[in-house]
Amino acid sequence: MNYKDTLNLPDTQFPMKANLAEKEVTTLARWEEDDLYGAIREERKGKKAFILHDGPPYANGNIHSGHALNKILKDIIVKAKTMSGFDAPYVPGWDCHGLPIEHQVDKQLGKKKREMSTSEIRGECREYALKYVGIQREEFKRLGILGDWERPYLTLDHNYEIGILKELQKFVANGGLYRGSKPVHWCPSCVTALAEAEVEYADHTSPSIFVKFELTADSARILGLPETQSYVVIWTTTPWTLPANMAVCLHPDFNYSAVKVGDDTLVLAEDLVTNCMTAFGFDDYETVATFNGAKAERLKTRHPFLEKESLVITGGHVTLEQGTGCVHTAPGHGQDDYAVGMKYGLEIYNPVDQYGKFKPDTPHFAGQKVRKANANVITLLEERGALLKREDVEHSYPHCWRCRGPIIFRATPQWFLSMEKNQLRQKALEAIRSVEWKPGWGENRIYGMVENRPDWCVSRQRVWGAPITAFYCEECDETLMDENITDHVIGILEKEGVDVWFDKPAGELLPDNTKCSNCGSTSFTKSSDILDVWFDSGVSHSVVVKDDPRFAGSSDLYLEGSDQHRGWFHTSLLESVGSTGKAPYREVLTHGYVVDGSGKKMSKSLGNVIAPQTIIDKYGAEIVRLWVAGEDYTEDIRLSDVILKRLTEAYRKIRNTIRFMLGNLSDFDPDTDMVPYSEQMELDKVIHLKFARLIEKVTTSYDMYDFHVFYHSFHNFCVLDLSSFYLDIVKDRIYTFPAASFERRSAQSAMYELTHGMLRLMAPVLSFTAEEAWDFLPHCAGSKKKSVHMTLFPATSVDTSGETLLKEWERIVMIRGEVSTALEKARRNKEIGHSLDARVTLSLFKNDYALLENREKDLAAIFIVSQAELNSEPLDGNSFISETIPGLTVKVERAHGDKCERCWNYDESVGHSDKWPTVCSKCANNLAAII
RNA sequence: GGGCCUAUAGCUCAGUUGGUUAGAGCGCACGCCUGAUAAGCGUGAGGUCGUUAGUUCGAAUCUAACUAGGCCCA
């Protein structure tokens, strides 16, 4: 007789091989067909809301691993909140305006662009953005991210664009928006402003000059220098910016020397004296004084050729790498100069027009092109005796990406949001304190940024974005932008579309009879500036979260990469505090950056990039999700083939554990076969209790957003508590007892509860596998949810009486480990092979003895040996002596009797049955019950 | 160059307020099983806790510097 056929072996269609890459696609199709997202919304309707507001990725290019990380984290949170009973809608968004898209469209259009109207170009940009929204949407969905994908928010939506204008209007109304001046990269031959991304650096030869700025008599005296012919020496490679010089900047912490050369006293950084003197050709010089840079602050020098003074200021950007440590500062012609100029309240003076020529009122150089003016400046300096040295240098210099010509920095009129008006900075800093930041250092990081940032320049000289709806008087250049005007304009754009702004002349956009308040003129030009895209996304708290009926509330959580302390967290905060006085979020979570296996950033040039699509094809999206869950995302997150391999192995373990339990539940009907917890066998209770602890740990980890805790504890539970402990022991019972016996049903009841609970616990992370297994699990009649994602997490019901039981079993498991070690020794000695070949005898100290004595008849099963007995006497010298459990000795010998052909245990009863002569008495009884 | 952050076994993570031989799982090696089988079980070997200096009776844990790396600025 083939006794194997009389056993209850596991049986399930749930495949061992996951085949994720294919299976996931089917599951996704089913979710879409069933409108799972909609069903969940319906299911949670009226429950307490949890709003995770999606930060919009830029609609350009395919998604990379950082996108995957970000969106999967969000998905895990949304799903976990949903399964905790919240109504947690997820509306994804995209950032659609901005330079990178306009840039790409420019490239595609080429010369054709010149014949197109602004709104036609905008149309191309819109199409381009929508194309990538479509591509990225599919890529995100492929990762198993559940959301309202058919109705995302796009910053190019009509409603959104109008929302942007309305938000900006609030700053017009409260005076926070002002027109100022700021240097930008400017291409004089293309006659346009350039963004940083449009600037290419190339070698360029420039004149390098050293120039004397004479200290005023008072200033020289303060430094203890001669009142005449004492000079601060500056160095520059852009002589043409000298007409715009406003200051000379020293480092406050550097030492400066006054060097006597002939009749002159020259001030320059101490460390650079030797180099400079050599360069100037002075070998006879003497240092007459040394002072700290800070001491010279606010002293005055005379401009070398203009009738004005140039202030001595200090700034941390000054270096000792080149020059003199004294930096010529023209706030209208450089970023550093601008920043430090603002600090000292200097005029942002720019004498250069859009063609790169000096304006007509510029002394000495009116009408000259700046580059040609270089030589004339030098000549003038020589005439005035202010030139110490000139030579040519080759250095890296910015060039226009389009015409390849060298570009200049030029201050142009720009729009700003003031950090001080309405105490925006102060209020923003206070708002930061009211928000919960995780990890905690995020608070200091963004605080420092807001504390030190300059006013926010919100204008861009571009076309792909929301317009700044300002007008300028054609006669006197007075700015016309007040609440009434913007109201009027928004009214028109709301009806006719934002493109109208670009198509219609100013007159048609203004209210009738508009007159310039300054000169009374009635002719106006409209602003051609658009808004910084960071303003676009910064208003989503209002346009999306407040106004969209799907939320109609306020955000609980923002979750983005740590770069967004400067980006979206920052701009959203300023915008929200500026318009509502409050932070736009209650809690902010940040994640690190994806780096390679050795911690280096991923880049094409290093060749260490791993694209999500590659992982999906090779391993499945589920593995990407497990990766996200397994790593501590608050720091940089490593991604490599080795890591993915480990994850795949962990995944297989989890999958197989579930598969095994499903297999053992194939004949289990929870409605009729369930043994209540209180009546279950002790071991089954124990695993229940261990599982209750897991539930506690996992649900807490979701609440705290500590997903790697889920990963580790869940995996450990599968490996340690289930696979190598509970399931291994219980196999004998499940297989050999009659199918409907109490012993077997008790174990099945435990497995049923566990599987049912585990699938729910893992669903936020292992969304595909949980769903797949959900269908293979038997369910109580009428209670099965269509999807595991519509269920709630299992509840913990740890009864306190269980604690003692758990403690006792922890000790038993320890003893079991020692028995394993003893068995392994015997195995090495070829005394046994399988542990069932063995009979063990244990001797223990009193407490441990009592612990086991209570379970003496189960000991063999627990140790998975054929026979186990206890002995209160010490055992003979050949026994295994435990090093970890004092008093424990284990004797291993061959089991007595013969091997039962059915249950493979050795027993002296084998042969006693007439009917089944090769099985033990236990099996004979079981057989009698079955047949 | 500045701000913020990180650094524990090959990999992913634990290590409470500083206190006995630094833990887990995976991987690896070796073995068992062949009734979870492209599975399952067991045993074992892996770490001078980035480096150096300091505080302390005592530091992976506190301080400083350095090195490597990340984000954001310049």
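**Close-up views of the predicted model**

**View 1. N513 is placed in the loop between helix 15 (506–509) and strand 22 (524–526).** Helices (H or I, at least four residues) and strands (E, at least two) are DSSP runs, numbered from the N terminus. The model is predicted: local features need pLDDT of at least 70 and side-chain atom pairs pLDDT 80 or more, while totals for chains, interfaces and linings use all residues. Residues are numbered from 1 along each chain as its sequence is written, chains are lettered from A and ligands numbered from 1 in the order in which they are written, and side-chain values use heavy atoms, without hydrogens and water. The phi of N513 is near 60°, a positive value in a residue other than glycine. With a relative accessible area of 74%, N513 is exposed (over 50%; buried is under 20% and partly exposed in between, with a 1.4 Å probe and protein chains only).

**View 2. N422 occupies the loop between strand 16 (408–417) and helix 11 (424–434).** Although N422 is not a glycine, its phi is positive, at about 55°. Its relative accessibility is 35%, so N422 counts as partly exposed. Most residues other than glycine have a negative phi, and most peptide bonds are trans.

**View 3. K438 and P439 are joined by a cis peptide bond.** The omega of this bond is about -5°. P439 belongs to the loop between strand 17 (436–438) and helix 12 (441–452).

**View 4. Helix 2 (residues 36–44) has L36, Y37, A39, I40, R41 and R44 as its buried residues.** Among the elements covering these residues are helix 1 (20–33), helix 3 (65–83) and helix 26 (767–774); here contact means heavy atoms within 4.5 Å. Just after helix 2, G46 adopts a positive phi of about 85°.

**View 5. The largest cavity contains about 60 Å³ of space.** On a 1 Å grid over the protein atoms alone, a cavity is a set of points where a 1.4 Å probe fits but cannot get out, a pocket is an open set with protein on both sides within 12 Å along at least five of seven lines, and lining residues have an atom within 4 Å of a point. Points are joined across faces, edges and corners, and a volume is the space filled by probe spheres set on them. The structure holds three cavities of 30 Å³ or more. The lining of the largest cavity consists of Y37, I40, R41, D75, V78, K79, T82 and L146. Helix 2 and helix 3 are the elements that give two or more residues to this lining, and helix 3 gives the most, with four residues.

**View 6. The second largest pocket holds about 1,400 Å³ of space.** Of the 49 residues lining this pocket, I729, D732, A861, I864 and N905 lie nearest its centre. Two or more lining residues come from each of helix 23 (682–703), helix 24 (707–736), helix 27 (801–828), helix 29 (859–863), strand 29 (867–871), strand 33 and helix 30. Helix 24 gives the most, with eight residues.

**View 7. V919 lies in the loop between strand 33 (906–907) and helix 30.** Its relative accessibility is 0%, so V919 counts as buried. Not counting residues up to four places away in sequence, V919 touches Y3, C900, E901, R902, S909, V910, G911, A924 and L927. V919 and M277 are 642 residues apart in sequence and 105 Å apart in space, C-alpha to C-alpha. In helix 30 (residues 921–930) is I930, which counts as partly exposed at 42% relative accessibility.
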